[in-house]
Amino acid sequence: MNPALAGVALAVAVGALVAGSARNARTAILGLVVTMVAAPVLADPLPGSLGLAARLVAAILAGYLLWVATRGPRLRTGGSLVGWPTDAFLAAAAAVVGYGSHGLGAPAAGPALASAAGFALAALAIVPIVTGRDVLRVGLGLGLLISGALLVRTGVGGTPDALEELLTAGLVATLGGTVAILALTARTDGRADFEMTAALPRLSSHATDRLPPGPR
Amino acid sequence: MSLVLFVVVTMAFTGLALGLRARPRLATGIALIGLVTAIVVAVAIVPGQLTVVGGGALATSAYLRLFLIFGSVIGLALAVSGLAGGSRRDAPTVTLGILASVGLTLGLLDPRAAVLVATAGGLFGVLVTLVPNGGRAGATIGIRESRAVAVAGALAIAATAWFGRDLSGLTAQPVVFGLAYLGFAVAVALRFGAIPFHLWAARLADVVPETALPNLTAYAPASHALGALAWIDLSVAPIAQDLGPDRLVVIAIAVASIVLAAVAAFVQDDIEHILGYSIIGDAGVVILALAAIGPDTWGPTRTWILAFVIARSAFAAWVAGVRAGFWTGRVADLRGWALRSPLLTVAFGLVVVASVGFPGLAAFDARTEIVQGALTGPLTPVVLVATLAPIAYYGRLLVIGFLRPDRVLEPVDAWRPVVKPLDLTAVRPWLSTTWDANRAFSTGAIALVLAVMALATAGGAFGGPAAAAEGPPVLASPHPLGAPSASSAPVAPGAPATSGAPPSETAVPQPSAEPSGTSSTNPSADPTETPFVAPSATPAGPTASGSIATPTPVPSVGQ
C-alpha cells in the first residue's frame, strides 16, 4: 500500500465525516472542500497537470460559492442525527467493504484505496440525502455522493483522461453552484436557516416571474 | 469540429446570459439570439466527423444533428411562447445550457464522460425552479430535483465505470453485471421522474413554467436515455446473459409509468400537471426500451424518443397557449376552450394524433416494436393497449372544450392577429402594443407550428427513422469487448492519442443505416472471443483500423 495514497484517502474520509456531521454550516463546507480537493489526487498514476488543475479549481470554486451562500452569523445546518462517532464507524465499515471488493468482480485499473474512500463517501452521503431536511445538508450529501462515485470510478477504471477530468471539474463546479444558489434562495425570506418547506408556492401567475397582461 | 462549434456557441451565450442575469431584458435578448444561433450551428453540423480532444473524442451523426436542430427550434419556440404567455427569466438561458450539455452528451464517445455532462446539464436546469417571492419553496423543489439528478448521475458514473475497462480477464459473470445495468436503467428512470421516482417531478410542475417543463423532464433526460441505450447495446448486451431479475425491475418501472401516469394525468385538476404526467407516461416507453436488450429496438427507440420529445413540447406550447388565452390552468374552468379558439383546437388535435398515433405512423410503429421487443406473452397486448391510455385524458380535455362556456373567457378576436397601422413617429409603442395585443395569438400560433412539427416527426419526416437506425459510433479499443479502456486515449486515424493533444479532426465513414451484423468484418465479431458466449451473438468490438465502426447486432436477452 502506498503510504501517500493512504494519507490522501484518510484526508478524503475525514473531510467527508466533517461535511456530514458538523452543525456549523461553514465547517461542513470546509469538510466538503477538503474531500473534493483531495479526491482527484487519490489516483495512481496521478492525473495530468491540466486535469488535476481543473479539478482543484472546480473544488475550490464550488466551496467558495457555498461559502458565499452561507454568509451570516453562525449559520447552522442539520448535522448528523446519530453523531460523528457512528458516522465514522459507518464510513470505516464501508471503506473495508470497498477495499475488499476492489474491482467489483473483475480486475481493476485503479488503486484499491480509491474504491475504499469512494465506498466510505457513498455511505456517509446516504443519511444526509435521505433524511436531510435542509437545503444545504442535502446539497453537502450530494457533493459527497458524486465525489464517492468518482472515486469508485477511478478505483475501478483507473485515472481518467484529461477530457474526462475537465468534464468532472465542470460537474463539481455546477453542483457547488447549484447548491449554493438554492441555499441562498432559501434564505431570501429573512430566516437564518436552510430548512425546506412543505408549503408550495401558489402564485396567481402560476410559475411566471409576474402576471402577464390581461386579454384585450 | 462542427459539434465543438455548437457546444462553444451555446456555452458562450449561456455564460453571457447568466452574467447579465441582473438585467433580465438584456439577458433574455442574449439568450434568444443564442437560441437562433444554436439553430444555425446545429444545421451546420456535419455528420460523420470525429474530433479528438484531451484524450477523449467527439463524434457527430445524422441523429445527433437532428436532435440538436429540433432541440434548438423547440427551445426557441417555447422561449418565445413563454415570453408571450409568461415565463421565468432564466428559462431561455437554461434551455441554451441544456442544449450545450445534450450536444456534448450525445457526441462524447466514452459513456463515462457522457454521463458527467448529462448530470451537469440536469443540475443546471434547477435554475428554473427559483421562484420570485417564494424562495424557500422554490429552493425546496430545486434541491429535490438536484437530488434526483445527482443520485442518477452517481448511479450512471458507477455503472459506466464498471463496464468501461478491460473485462477480458473475467472468468465468470458476476452479479455486478446485472446491478450495473440496473443502476443505469434506474438512473434514466430517476431523470425522467418515472413512477415510483416521480414525486419531485410532480412538484416541479408547481413552480416551473409549462414552457420550460419539457426541457427539464423530457429533452435533457432523453439525452441521458440515449446514452444509456448506446451503452447497453455496446457494453452490456454482448456479454451479459442472465439479466432476468434486473430486466423485470426495469419492466415494472416502465409499465407502472405508462399505466399510472395516464391515470394520474386523467385525474389532475390543472393542465400543467397533466403535461407533467403525460411526459412521464411517454418516458415509460423509453424505459421499457432499456429492457429490450438487443438491436431490434435500437432504431425504433431512437425514433420514439425524437417523436416523444417534440410531441410533448408541442403539448407544452398548447398548455402555454391555453394559459395565455384563458388566464387559467384549471381544467374545470376551461369549459368551451375548443369553441373559443380554433387555433388551439387544431393544435390540440395534431398533438393528440402525434402522441397517440395510429398504425403506419412511424412513432406508433416504433412504440409497438419497443413493447413487442421488451415483453413476451400476454403482457404484450395489455401494455400495447395501455400505451393508448393518453386518449382518456386528451378526451377529457376535449369534452370540456366543447361544453358551453360558463363564463366570459375572452374576446373572440383574441385568437386572431391584431395589427394596428404602423405609426412611424412612435415605433416602439406600436411594437409594444402589437406584442401585447397578440400574446394569445402568438402562443396559439407557436403551439400550432410545434404541433405540425410533432405530427411530421411522428410520421417519419425529416429523415428521423433513417437517422435513428444508424448505429452508434464507437472508437477502436484495445480491449476485446469494445468498451472504452481505462485511461486510454481513443485512437482516431491520423490523430495523436496522447492526453492533452490538440484537437484533431478526421472524417469518418458514416455508420450504415441498418444493423451491420451480416456485413461486419469486425475481427472480434466471433462470439467465442468474448468471455460469455451468447448463442448467435455478435458483440460489438473494435475495428482493426481504429476507426468509427458500426456495432453489430446482438440478440435480445431473454427473447
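Tutor: Happy to! The secondary structure of chain B comes to 20 helices and three strands; here helices (H or I, at least four residues) and strands (E, at least two) are DSSP runs, numbered from the N terminus. This is a predicted model, where local features need pLDDT of at least 70 and side-chain atom pairs count only at pLDDT 80 or more, while totals for chains, interfaces and linings use all residues. As for names, residues are numbered from 1 along each chain as its sequence is written, and chains are lettered from A and ligands numbered from 1 in the order in which they are written.

Let's begin with the whole chain. Of the 559 residues of chain B, 66% count as buried. A residue is buried if 20 or more other C-beta atoms lie within 10 Å of its own, exposed if 12 or fewer, and partly exposed in between, with C-beta atoms placed from the backbone. Contacts tell us about the fold too: among those in chain B between residues at least 6 apart in sequence, 80% join residues at least 24 apart. Two residues are in contact if their C-beta atoms, placed from the backbone, lie within 7 Å.

Now look for the strands. Strand β1 (residues 49-53) of chain B runs antiparallel to β2(B), and four bridges join them; two strands pair if DSSP finds at least two bridges between them. β1(B) and β2(B) make a hairpin with two residues between them, and B:Gly54 in that turn has a positive phi of about 55°. Across the pair, B:Val53 stands opposite B:Gly56 in β2(B). In a regular strand the side chains alternate between the two faces of the sheet. Strand β2 (residues 56-59) of chain B is covered on both faces: B:Gly56 and B:Leu58 are buried on one side, and B:Ala57 and B:Ala59 are buried on the other.

Next, follow the chain to some of its loops. B:Pro196 sits in the loop between α7 (176-192) and α8 (199-207) of chain B, and the peptide bond that joins B:Ile195 to B:Pro196 is cis, with omega about 15°. Further along, B:Trp327 lies in the loop between α12 (298-326) and α13 (337-340) of chain B. Phi of B:Trp327 is near 60°, which is positive in a residue other than glycine. B:Trp327 has 16 other C-beta atoms within 10 Å and is partly exposed.

Helix α19 (residues 439-458) of chain B has 20 residues and reaches 28 Å from its first C-alpha to its last, close to the expected 28 Å; the expected span of a helix is 1.5 Å times one less than its number of residues. Most of α19(B) is covered, with 17 of its 20 residues buried. After α19(B) comes B:Gly460, whose phi is positive, near 95°. In the loop between α19 and α20 (464-469) of chain B you will also find B:Phe462. Its phi is near 65°, again positive in a residue other than glycine, and with 16 C-beta neighbours inside 10 Å, B:Phe462 counts as partly exposed.

Now for chain A, which has seven helices and zero strands. With 216 residues, a compact globule would have a radius of gyration near 17 Å, and the 19 Å of chain A agrees. The radius of gyration is taken over C-alpha atoms, and the globule rule is 2.2 Å times the number of residues to the power 0.38. In chain A, 60% of the 216 residues count as buried.

Helix α5 (residues 112-131) of chain A is worth a stop: it has 20 residues and reaches 30 Å from its first C-alpha to its last, close to the 28 Å expected. A kink of about 25° lies at A:Ala125 in α5(A), shortly before the proline A:Pro128; the bend at a residue is the angle between axes fitted to the seven residues ending there and the seven starting there. Because 16 of its 20 residues are buried, α5(A) is largely enclosed by the rest of the structure.

Finally, find A:Pro45 in the loop between α2 (25-38) and α3 (49-69) of chain A. The peptide bond from A:Asp44 to A:Pro45 is cis, with omega near 5°. Helix α3 of chain A holds A:Ile60, which is in contact with A:Val33 and A:Val37 once neighbours within four places in sequence are left aside.
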